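Me: Please take me through this model one topic at a time. I shall ask as we go.

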Amino acid sequence: MSGTTVVVLAAGKGTRMKSEQPKVLHELCGRSMLGWVLEAVLGLEPERIVLVVGHGAADVEATARKELAAAGCEGLLRVVLQEPQLGTGHALQVASAELGDAARVVVTYGDMPLLRAESLASLVTAQVAQGEDSTALLTAVVDDPYGYGRVIRTDAGDFERIVEQKDASVEERLIDEVNLGVYCFARGPLGDTTQGDLAALRNDNVQKEFYITDLAGIARAAGRTVVPVVLEDVEEAAGVNSLAQLAEARWVMQLRILERHLENGVRIEDPSTTYIDYGVEIGVGAEILPCTVIRAGVRIAAGAHVGPFAHLREGTVLGEGAKVGNFTEVKKSTLGAGAKANHLSYIGDATIGAKTNIGAGTIFANYDGKAKHKSQVGAGAFIGSGAIVVAPNSIPDGATIGAGAVVTRSAKIAAGEVWIGMPARRHSSGARPPSGERS
């Protein structure tokens, strides 16, 4: 929204992830958590995005720039380093020099991939409605509030304070409305490290850290309005701090992706065993059968058929009506309209022409131990079962490769010819056998 700066806190190492990779770069559905967060943030149409980095700073910044560049928004990014890391309030203090003069500042986290742009917009709308000096904070009503700060309201239902788990009384621990740490602050009262609310933060606690949570209390003590905004979908509240939580978040995101494809007219027979990454394009009427994995960067045209037990990797393009079936893997390859690879095959770095048939057990040997090589198969060709095509190679239109043949790099096949054997050589007849006698 106009007049908004967004701060994304992404400095943490994520010790519980048991990984040297920065926590926010762990992926779900083919995209980093940070990528999902930035997509939601862009829904606010912010004037700038301030990314607070720490552990793995260079990699985190590079990922953010790549994501924003893909959206045509890299110019919005400002990056600040939090070192040492002395709490969430300290992170906002570090970012204060880059906040600009926007009317409000939204603070969110790089490990909350399920939070939608619509929920952030509701937070901003609430803050704007309460006046230019107000604060809005995102809350959720959860079944198990253990570990969260509880939101204490007055008898009239207004915000009173936030009490942390360790400080809560027995009665307060029964409260199921929790603080998520996502805020929309009026820019003016925030100030910086020398004046305003940020300067008023204190670290007189056991951890000796500055907490962003305290800013709500500072605002209320100053007589300014603080309004809690309750999430409609509690699943969005999930923060990811472990691999188990990442797996849980991945499934929620996977359901969102599957539901979108179903709404767009894609036939997914069994969503519970179908895995489709972010950024996959699938045309109307395509059919995806059970136990299929489709990775990011795949495009599938209308009427295509995939699975069961198929694996489509990045760079795969299926033309209209193409078929990839049981236990077939395709990588960086194109299958033209009506082309078929129905059983037990590997197609890597290849272009397959329209209406070509790839027989069961066929392998495109694209790697020579040092480099990957490409192959091209023309339209209307027929590759028999168990064939091996050694790349780089070219099989022209209408050619037939017999069952079990090994097509070496040196083969020079002409259109319509039949090649058989190990290594494959031109069949004496020179022509494709009649239908029903194919290999």
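Me: Which strand and which helix each supply at least two residues of the lining of the largest cavity?

Reply: They are strand 10 (177–186) and helix 5 (187–190). Helices (H or I, at least four residues) and strands (E, at least two) are DSSP runs, numbered from the N terminus. The model is predicted, so local features need pLDDT of at least 70 and side-chain atom pairs count only at pLDDT 80 or more, while totals for chains, interfaces and linings use all residues. Residues are numbered from 1 along each chain as its sequence is written, and side-chain values use heavy atoms, with hydrogens and water left out.

Me: What counts as a cavity here, as against a pocket?

Reply: On a 1 Å grid over the protein atoms alone, a cavity is a set of points where a 1.4 Å probe fits but cannot get out; a pocket is an open set with protein on both sides within 12 Å along at least five of seven lines, and lining residues have an atom within 4 Å of a point.

Me: How much space lies in the largest cavity?

Reply: About 50 Å³, and the structure holds 1 cavity of 30 Å³ or more. A volume is the space filled by probe spheres set on the grid points, which are joined across faces, edges and corners.

Me: Which residues line the largest cavity, and how do they divide by class?

Reply: The lining consists of Asp133, Ser134, Thr135, Phe185, Ala186, Pro189, Leu190, Asp197 and Arg224. These divide into 4 nonpolar, 2 polar and 3 charged residues. Ala, Val, Leu, Ile, Met, Phe, Trp, Tyr, Cys and Pro count as nonpolar, Asp, Glu, Lys and Arg as charged, and the others, Gly among them, as polar.

Me: Where is serine 134 placed, and is serine 134 buried or exposed?

Reply: Serine 134 sits in the loop between helix 4 (117–130) and strand 7 (135–141). With a relative accessible area of 1%, serine 134 is buried. Buried means under 20% relative accessible area, exposed over 50%, and partly exposed in between (1.4 Å probe, protein chains only).

Me: What does the side chain of serine 134 reach, and with which residues is serine 134 in contact?

Reply: The side chain of serine 134 reaches the backbone oxygen of glutamine 127 at 2.8 Å. Leaving aside neighbours within four places in sequence, serine 134 is in contact (heavy atoms within 4.5 Å) with Gln127, Cys184, Phe185, Ala186 and Thr225.

Me: Changing topic: what is the volume of the second largest pocket, and which helix gives the most to its lining?

Reply: The second largest pocket has a volume of about 510 Å³. Helix 2 gives the most to its lining, with 4 residues. Strand 3 (31–32) and helix 2 (57–70) each supply at least two residues.

Me: How many residues line the second largest pocket, and of what class?

Reply: There are 17, of which Glu27, Gly30, Arg31, Lys66 and Glu67 lie nearest the pocket centre. By class, the lining has 4 nonpolar, 6 polar and 7 charged residues.

Me: How many disulfides does a search of the whole structure find?

Reply: It finds 0 disulfides, a disulfide being a pair of cysteine sulfur atoms within 2.5 Å. For cysteine 29, the nearest cysteine sulfur, that of cysteine 291, is 17 Å away. For cysteine 73, the nearest is that of cysteine 184, at 19 Å.

Me: Why is helix 1 described as largely enclosed by the rest of the structure?

Reply: Helix 1 (residues 33–42) is so described because 9 of its 10 residues are buried. Among them are Trp36, Val37 and Leu38.

Me: What is phi of leucine 344, and what is phi of aspartate 349?

Reply: Phi of leucine 344 is near 55°, a positive value in a residue other than glycine, and phi of aspartate 349 is likewise near 55°. Leucine 344 is exposed, with a relative accessible area of 53%, whereas aspartate 349 counts as buried at 9%. Leucine 344 is in the loop between strand 24 (340–343) and strand 25 (346–348); aspartate 349 is in the loop between strand 25 and strand 26 (350–352).

Terms used: A polar contact is a pair of N or O atoms within 3.5 Å; within protein, one must be able to donate a hydrogen and the other to accept it, and residues adjacent in sequence count only if both atoms are side-chain atoms.
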